[in-house]
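Hi,

Here is the structure I promised to pass on. Have a look at it first, and then read my notes below.

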Amino acid sequence: RSLSYVLGIETSCDDTGIAIVDTSGNVKANVLDSQQEFHTRYGGIIPPRAQDLHRARIHSAYERCLEEANLQPEQLAAIAVTTRPGLPLSLLVGVRFARHLARRLKKPLLPVHHMEAHALQARMEHPDAIPFPFLCLLVSGGHCQLAMVHGPGRLTLLGQTLDDAPGEAFDKIARRLRLYILPEYRLWNGGRAIEHAARLATDPSAYDFPLPLSQQRNCNFSFAGIKNNSFRAIRKKERMERTPPDGIISNYADFCAGLLRAVSRHLMHRTQRALEYCLQPQVRFFGDGQPTLVVSGGVANNDTIFANIQHLAAQYGCRSFRPSKRYCSDNGVMIAWHGVEQLLQDGDSSLRFDFDKVDIQ
Ligand code: KG4
Ligand code: ZN
């Protein structure tokens, strides 16, 4: 098969991502406009505002992407776009834009499931190391799942969060701690700020949290308990120290280290169950291949969490991978790459020209 180019469009949340990837996994262009700066000012994402920002930026992001790739639109083989899951208002901007492009350029559309794109992204950079099937731990601001991945469009869910996602918990706790008043963290997401602060801890065992769902024999997750315990511990410390309403507790770094340890332990506990299940003689999910685990989504950026999971997996003879950092969080590359995976798996039968039927959800 000769080399062809797929354009990927991602607008499921608060990043406008447009990228072009070729069928060998070379990134020809990667444009990413983050709305983080706007939303941190309001303490969270306001969906109509996110939609306005996507609308205002998507055309120029597309133009810049073609320019960066030094390609003409006619050279694209297909247009891949996130259709689910995500904020409906945000998704609509990407899907409408993709339909408009597809119609104008007479190119096929490839609908992409956002979480699946996170799951397959690591294969772009390690094509030979990560054959199907593999186990995937998806950890982001909106999701937390363990899934067996058989191929594009073919995932079996083993467990998921019953309440918050880990990134969401990090973001809310970082805001409650008021980490954003420290200039170095002002524009960072909560998870990144907590990871950095945790490295500055002088007494990392000062705070401890119970292990969630410790008695449940399944692969589900829960982060609401850790979040509420965090709020309670912060309030207690603030009262003790008489922290002003715009201040921050003195040992915030120790707190972050305890929080990160609690989240890591929970993720490891559930991943261990999933590995044990996949390796059972009746299941033999990996067949004769080497057991492989992919950690993906924004929280996979976290070096402490990834190192812990990697260490655990190694005890089961399982290799672990994650996408490189620039591709862990939401971006257009992972959507374009999922399009490539669809093309490689299904050939031309995956190509859809019924543009109006490609819609959100
Ligand atoms: O995958 P993503 O970019 O968007 C979603 O689909 O949710 O993930 C964003 C989430 C945020 O909640 C952020 O706090 C978290 O990923 N995150 C991190 C780190 N970098 C981003 N969490 C922990 N450690 C990090 N270094
Ligand atoms: Zn995501």
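To start with the overall layout, the protein is split by its domain assignment into domain 1 (5-127 + 327-357) and domain 2 (134-323); such bounds come from an automatic or database assignment. Bear in mind that this is a predicted model: local features need pLDDT of at least 70, side-chain atom pairs count only at pLDDT 80 or more, and totals for chains, interfaces and linings use all residues. Residues are numbered from 1 along each chain as its sequence is written, while chains are lettered from A and ligands numbered from 1 in the order in which they are written.

The C-alpha centres of the two domains are 27 Å apart. Where they touch, domain 1 contributes 20 residues and domain 2 contributes 23 residues (contact means that C-beta atoms, placed from the backbone, lie within 7 Å). On the domain 1 side, at least two residues each come from helices H1 (36-42), H4 (114-125), H10 (325-328) and H11 (332-346). Helices here are DSSP runs of H or I with at least four residues, numbered from the N terminus. H4 gives the largest share of that side, eight residues. By class, the side has six nonpolar, 10 polar and four charged residues (Ala, Val, Leu, Ile, Met, Phe, Trp, Tyr, Cys and Pro count as nonpolar, Asp, Glu, Lys and Arg as charged, and the others, Gly among them, as polar).

Now for the ligand. What surrounds ligand 1? There are 20 residues around it, and the closest are Gly141, Gly167, Gly191, Gly298 and Ser329; a residue counts if its C-beta atom, placed from the backbone, lies within 6 Å. Helices H5 (166-177) and H6 (190-198) are the elements that give two or more residues to this shell. The shell has three nonpolar, 12 polar and five charged residues.

H5 and H6 also pack against each other, at an angle of about 70 degrees and with axes 7 Å apart. Axes are lines fitted to C-alpha atoms over the stretch in contact, and angles run from 0 to 180 degrees between N-to-C directions. The two helices are therefore roughly perpendicular, a label for 65 to 115 degrees, with under 35 counting as roughly parallel, over 145 as roughly antiparallel and the rest as oblique. Gly167 and Phe170 are among the H5 residues that meet H6, where Gly191 and Ile194 are among the partners.

H5 has another neighbour, H7 (residues 224-241), at about 10 degrees with axes 10 Å apart, so H5 is roughly parallel to H7.

Cheers

Definitions and conventions. Contact = placed C-beta atoms within 7 Å.
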